[in-house]
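Subject: Structure handover

Hi,

Here is the structure I promised to pass on. Please open it alongside this note; my findings follow below.

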Amino acid sequence: MRNASSTIEQVAGRRVWDSRGRPTVEAEIRLASGVVGRAIAPAGASTGSGEAVDLRDGGTRLGGYDVTAAVRNVQDEIAPALRGRDVTDQARLDQALVDLDGTSDRSRLGGNGLIAVSLAALHAAAGAAGLPLWGYLLGAGTALLPLPEIQIFGGGAHAGRRVDIQDFMVMPVGASSFAQALDWTAEVYLAAGTRMAQAGRLQGVADEGGYWPAFDTNEEALEFLVRAIEDAGRAPGDDLAISLDVAATEFHDAGQYHLGLDGRAIDGDALIELLVGWIDRYPIVSIEDPLAEDDVAGMQRFTAAVGDRVQIVGDDYLVTNARRVERAARDRACNALLVKPNQAGTVTETRAALEAARAAGFATIVSARSGETEDVTIAHLAVGWGAGQLKVGSFARSERMAKWNEVLRIEEALGDTGTFAGRGALAPPSAPAGTGDPRGPGRRSG
Ligand code: PGA
Ligand code: ZN
C-alpha cells in the first residue's frame with residue numbers, strides 16, 4: 001500500500017554552478033506531504049572511462065560544459081516517469097531511471113541528471129521519515145565516523161599537471177575522534193602552507209584546495225608532507241599517515257607512464273618499483289589507482305607486492321561498479337573501493353558496489369569529485385553506510401569544508417553512540433607492523 005505522504009508529486013531540475021565555475025544539475029523532489037529532497041551532481045576531471053556519462057552540451061558556450069540537455073531531461077522525461085511513485089522504494093525508483101535511460105553508460109539522459117534525481121529522492125525519503133539522512137540509512141546499526149583522507153598538495157589533472165601524482169593526502173590514523181582528526185589536519189595544512197611560503201613556493205591552491213605543488217620532483221612533495229606533519233608537532237605514521245592518489249591513467253599511454261616532472265617515460269614495472277620504494281621510505285598507508293585503469297596485470301603485480309601492507313584503492317579502475325569490484329576481488333588486483341555515486345549513476349548501484357566491496361573484504365572510501373558544491377550528501381552516505389573512510393579534497397574552500405563540517409555535526413549528534421573508525425578502517429584488515437624505517441607504515445590497532 002502506498003503511503004500518500006511519501007508519494008512523489010513533483011520533480012524539478014535546475015542548472016546551478018560548481019566549484020570550478022562550471023554548470024551542473026540540481027534536482028528537487030517534492031512529496032505530497034510537502035517534504036522536499038534536493039541534491040546536486042558533482043563532476044570529475046580525472047574520470048575513469050567506465051563511469052556513467054556526464055552529459056554536457058558541447059559546442060563553444062561555457063567551454064562545452066553546459067548541462068541544458070541534462071536539465072531538460074530531468075524536467076521533460078524523468079519528472080513524468082517518477083510522478084506518483086513512492087519515494088521510499090529507492091531500488092524501484094532507480095531501476096525506473098535506468099530503464100528510462102536505456103543505455104549501459106547512462107549517456108542518453110545523462111548520469112549527472114540521474115544521480116541528482118536519485119540522491120534527491122533519498123533525501124526526500126529521509127525527510128518523509130523525519131530523520132537526518134545518515135540516521136535514515138543507518139537504521140538501528142552502530143554508527144562509525146569515517147577516517148578522513150585529506151589532501152595537502154593537489155597535483156595531476158587538478159593542478160595543470162604541475163606534478164604527476166594527483167593527491168598528496170594525510171590520514172589522521174592516530175586520532176581518537178573525527179573532531180580531533182580535523183584538528184590535527186588543520187595544523188598540518190597550516191604548517192604545509194608556512195613551509196611552502198618559507199621556501200618561496202606558495203602559489204595558491206589546486207582544484208580541491210590543496211596547495212599548488214610547486215615542486216621539482218614528485219618525491220619532493222612527499223618530503224614536504226612528512227616535514228609538515230612534524231612541524232605540526234605530530235608523528236608521521238603514528239598520528240598522521242600519508243595517502244596518495246596516483247591517478248595513473250592520466251599519464252599512461254601505450255604501456256608507458258609519462259612522468260612529466262621527472263622528464264621520462266617508464267613501464268608499469270618501473271612505476272611499481274618507484275611506488276614500492278616510496279612505500280618503503282615514507283609512512284604511506286594508502287595508494288589509489290597506482291596503475292592505469294586497464295593495466296589489470298600491473299594492478300595484480302602491485303597488489304602481490306604490497307597488498308599485505310598498504311591499502312590499494314580502485315577509483316578509475318573500479319568506477320563504483322559492483323561487477324568490476326567482484327572481478328578485482330577474483331583477480332586480487334586491489335583491496336579497497338573508492339565510492340563515488342556519480343560514477344555509478346544511481347544510489348542503488350552505488351550501494352551495490354559498496355556491498356560487493358564489503359563481501360570481498362575490501363575497505364570502502366566514500367568520495368567527492370574534484371568539481372563539487374555545497375551539497376553534503378556524501379557525508380551522510382559515509383556515516384549511514386558505515387563506509388569507514390571519507391575523501392573530500394583538502395582543508396580549504398567551502399565546497400570541501402561543508403562536508404567536513406557536516407560530519408562534525410553528525411559526530412556531535414551521535415554523542416557516545418558513535419565510534420571513530422580510525423586506523424582500523426584501512427585495508428588490509430590485519431597488516432603486520434611497520435617496516436624497518438622508523439617512519440614506516442606504523443603500527444596498526446585491531
Ligand atoms: P576527479 O578526482 O573527481 O577529478 O575524478 C578525484 C579522484 O580521482 O579521486
Ligand atoms: Zn582517484
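Start at Phe302. Leaving aside neighbours within four places in sequence, Phe302 is in contact (heavy atoms within 4.5 Å) with Ile272, Leu275, Val276, Ile279, Ile287, Pro290, Leu291, Gly307 and Ile312.

Before the rest, the ground rules. This is a predicted model, in which local features need pLDDT of at least 70 and side-chain atom pairs count only at pLDDT 80 or more, while totals for chains, interfaces and linings use all residues. Residues are numbered from 1 along each chain as its sequence is written, chains are lettered from A and ligands numbered from 1 in the order in which they are written, and side-chain values use heavy atoms, with hydrogens and water left out.

**Cores**

Together with Phe153, Phe302 has the most contacts inside the largest nonpolar core, which has 130 residues. A nonpolar core here is a set of buried Ala, Val, Leu, Ile, Met, Phe, Trp, Tyr and Cys residues joined through side-chain atoms within 4.5 Å. Buried means under 20% relative accessible area, exposed over 50%, and partly exposed in between (1.4 Å probe, protein chains only). Helix α3 (residues 111-128) gives the most to this core, with 11 residues. Helices (H or I, at least four residues) and strands (E, at least two) are DSSP runs, numbered from the N terminus. Domain 1 (4-130) and domain 2 (144-444) both contribute residues, so this core lies between them. Another core, of six residues, lies apart from it; among its members are Ala336, Leu338, Ala363 and Ile365.

**Domains**

How much area do domain 1 and domain 2 bury between them? The figure is about 2400 Å², with 52% of it on carbon and sulfur atoms. Buried area is the accessible area (1.4 Å probe) that two parts lose on being put together, summed over both. On the domain 1 side, Ser19, Pro42 and Ser46 supply 23% of the area buried against domain 2, more than any other three residues.

Three salt bridges cross the interface of domain 1 and domain 2. The rule asks for a side-chain nitrogen of Lys or Arg within 4 Å of a carboxyl oxygen of Asp or Glu.

**Zinc site**

Which residues are the protein donors of the zinc ion (ligand 2)? They are Asp245 (OD), Glu288 (OE) and Asp315 (OD), lying 2.1 to 2.2 Å from the ion. The donor spacing in sequence is D-x42-E-x26-D. Asp245 is buried, at 0% relative accessibility. Glu288 is buried too, at 1%. Donors are N, O and S atoms within 2.8 Å of the metal (3.2 Å for Na, K and Ca); water is not among the atoms, so sites may look incomplete.

**Salt bridges**

The whole structure holds 32 salt bridges. Arg38 pairs with Glu26, the closest N and O atoms being 3.8 Å apart. Arg38 is in strand β3 and Glu26 in strand β2 (residues 23-31), 12 residues apart. Glu26 is buried, with a relative accessible area of 6%. Arg14, Glu26, Glu28 and Arg38 are linked in a network of salt bridges.

A few other pairs are worth a look. Arg369 forms a salt bridge with Glu51, at 3.1 Å between the closest N and O atoms. Glu399 and Arg400 form one at 3.2 Å, and both residues are buried. Arg56 and Asp54 meet at 3.0 Å, N to O. Arg56 counts as buried at 18% relative accessibility, whereas Asp54 is partly exposed at 29%.

**Two more residues**

Tyr65 lies in the loop between β3 (36-40) and α1 (68-82). Is Tyr65 buried or partly exposed? At 33% relative accessibility, Tyr65 counts as partly exposed. Not counting residues up to four places away in sequence, Tyr65 touches Arg22, Pro23 and Arg56. Tyr65 and Pro23 are 42 residues apart in sequence, yet 6.6 Å apart in space, C-alpha to C-alpha.

Glu406 is in helix α13 (residues 398-414). Glu406 is buried, with a relative accessible area of 15%. Beyond its neighbours within four places in sequence, Glu406 is in contact with Val376, Ala379 and His380.

Best wishes

How values were computed: Domain bounds come from an automatic or database domain assignment.
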